[in-house]
Amino acid sequence: MSRRTAAALAAALLAGGVTPLFLTAPATAAVAKHYDDFNGDGHRDVAYGGYNDVDRTGGTVTIVYGTANGPGTRTQFIHQDSAGIPGTGEEDDQFGESLASADLNKDGYADLIVGNPTEHVGSQEYRGAVTVVWGSASGLSGGTNLVPKSGAQGHFGRDLATGDFNGDGSPDLAVVGGGETWLYRGGFTKSGTTGAVSEIDKEGAGWYSYSLAAGKVNGDGRTDLVVLGEQFVDGQPVERAWYLKGASGGLTSGPSKTVTATTAAIGDFDKNGYGDIAFGRPDSHDGKGSLLVWRGTSAGPSGSAMYNQASSGVSGSAEAGDNFGYALSAGDVNGDGYADLAVGVPHEDVSGKEDQGGVTLFRGGSGGLDGMRSAWIPQTVTGSAESHVAFGYTLRLRDLTKDGKADLGIGAAGTALVLRGATGTPTATGAFALPELGGTFAD
């Protein structure tokens, strides 16, 4: 979930200490039903960037294991000084700056993929590294580094995305490195082997990749990929989004759209069978921020709509520096079959509280997203109202309680919780507190 602006905020939050827990024991089974069920018990787990351990640096990933009732009390902390994890934590490492998950080796347990884009390797400064931490019946245990191609060496692991892009039943992995996107096809093994690796680039077009989003857009069953990047047009850099369609050979190039965005999420907001692509544009309009939705069709994305805090029904006022659209996550909060979209507004000033933040939830429905179906979720759902907490700087919508309604994870400085999905707005009743959140949620 690498975000150019979110990364800076997350890095500012990293500090403190935790104790690692090491687990082992692989097994053989069908591909994990949930790509974030690391111990194969049928319950989704939550992974996110955490605080550093005492007397060490370099980044830590926190995992909260799920139960039948949602996130439980079992917590695990993984970093480069954990047993079985390659490398050593160093001062300017960013282990956990990007996170993704999938059952890469198809053993029935989801695996966690961890990006460390500033990792030094030998004499190569900031070469970057991507580590697969393997799932097992006991949880995550041991890791294997992905081998980057020569052109990927440079902030390798800046962003990650998983999906079955070629439709063969094996999860694949897309990685940003060296300013390009690289597709690693499954299967993956603990010894470090993968399927074929290919570079995803606009040949001769001056393309530079920096962020990824994966989801199903055109309804053919394969996972599609959206790459955010810059392209040189008439000698000038232009920020664009590039849609790539899943295909038997991997990914095929589709349309591009000129849009200045730092994050993207995919969901079928109008329930027509095609995923819509939402772009967060927190820096647009002097930092007021906006949301652009590129609508899905059988031929890929086509047509768009824009939303901001000046849209009818959307709470708040569009003010410079609010950063509406800083974080996005899609999921069906109320169980009606339409994907909904959570939009972070972490620098919203509320009742004189500077940068208190909040979340706008757009409910999907006929015709797609509509400001008149939106709701405001304030920082006060945590029981406090404070300045400079950036409530909503990272978000995650997933059904953690198996009730058919996506639960909303919300991150802030010193505060992190999961609101339960509900028929209306996600509720703080029975909310789950998350420990040690100091980075961003895994996609």
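Let me begin with a term: helices (H or I, at least four residues) and strands (E, at least two) are DSSP runs, numbered from the N terminus. What you see is a predicted model, in which local features need pLDDT of at least 70 and side-chain atom pairs count only at pLDDT 80 or more, while totals for chains, interfaces and linings use all residues. Residues are numbered from 1 along each chain as its sequence is written, and side-chain values use heavy atoms, with hydrogens and water left out.

On confidence, pLDDT is the predictor's own confidence in each residue, from 0 to 100. The protein chain has a mean pLDDT of 92, and 93% of its residues reach 70 or more. The stretch to treat with care is residues 1–28, where pLDDT stays under 50; for that stretch the model has 96 contacts beyond four places in sequence, a contact meaning heavy atoms within 4.5 Å.

Now to the sheets, where two strands are said to pair if DSSP finds at least two bridges between them.

On to the next pair: β13 and β14 (residues 236–247) are antiparallel over 9 bridges, with V226 standing opposite Y243 in β14. The hairpin that these two strands form has 2 residues between the strands, and D234 takes a positive phi near 55° there. How many of the residues of β13 are buried? The count is 7 of 10, and the strand is mostly covered, where buried means under 20% relative accessible area, exposed over 50%, and partly exposed in between (1.4 Å probe, protein chains only).

A second open sheet, also described by 4 strands, has the order β24-β25-β26-β27 with antiparallel pairing. The edge strands here are β24 (394–398) and β27 (427–433), each of which pairs on one side only, and the twist averages 25° from one strand to the next. In this sheet β25 (residues 407–412) is joined to β26 (residues 415–420) by 5 bridges in the antiparallel sense, and G411 stands opposite A416 in β26.

Let me turn to empty space. Rolling a probe the size of a water molecule over the atoms shows where empty space is left. On a 1 Å grid over the protein atoms alone, a pocket is an open set of points with protein on both sides within 12 Å along at least five of seven lines, the probe being 1.4 Å, and lining residues have an atom within 4 Å of a point. The largest pocket holds about 1,300 Å³ of space, the volume being that filled by probe spheres set on the points, which are joined across faces, edges and corners.

Finally, some loops. G187 is in the loop between β10 (180–184) and β11 (197–200), and a cis peptide bond joins G186 and G187, with omega about 5°. The loop between β21 (340–344) and β22 (358–362) holds V350, which is partly exposed at a relative accessible area of 22%. Leaving aside neighbours within four places in sequence, V350 is in contact with Q356 and G357. D355 is also found in the loop between β21 and β22, and has a positive phi of about 55° although it is not a glycine. E436, in the loop between β27 and β28 (437–441), likewise has a positive phi, near 60°, and is partly exposed at 28% relative accessible area.

How values were computed:
Axes are lines fitted to C-alpha atoms, for helices over the stretch in contact, and angles run from 0 to 180 degrees between N-to-C directions.
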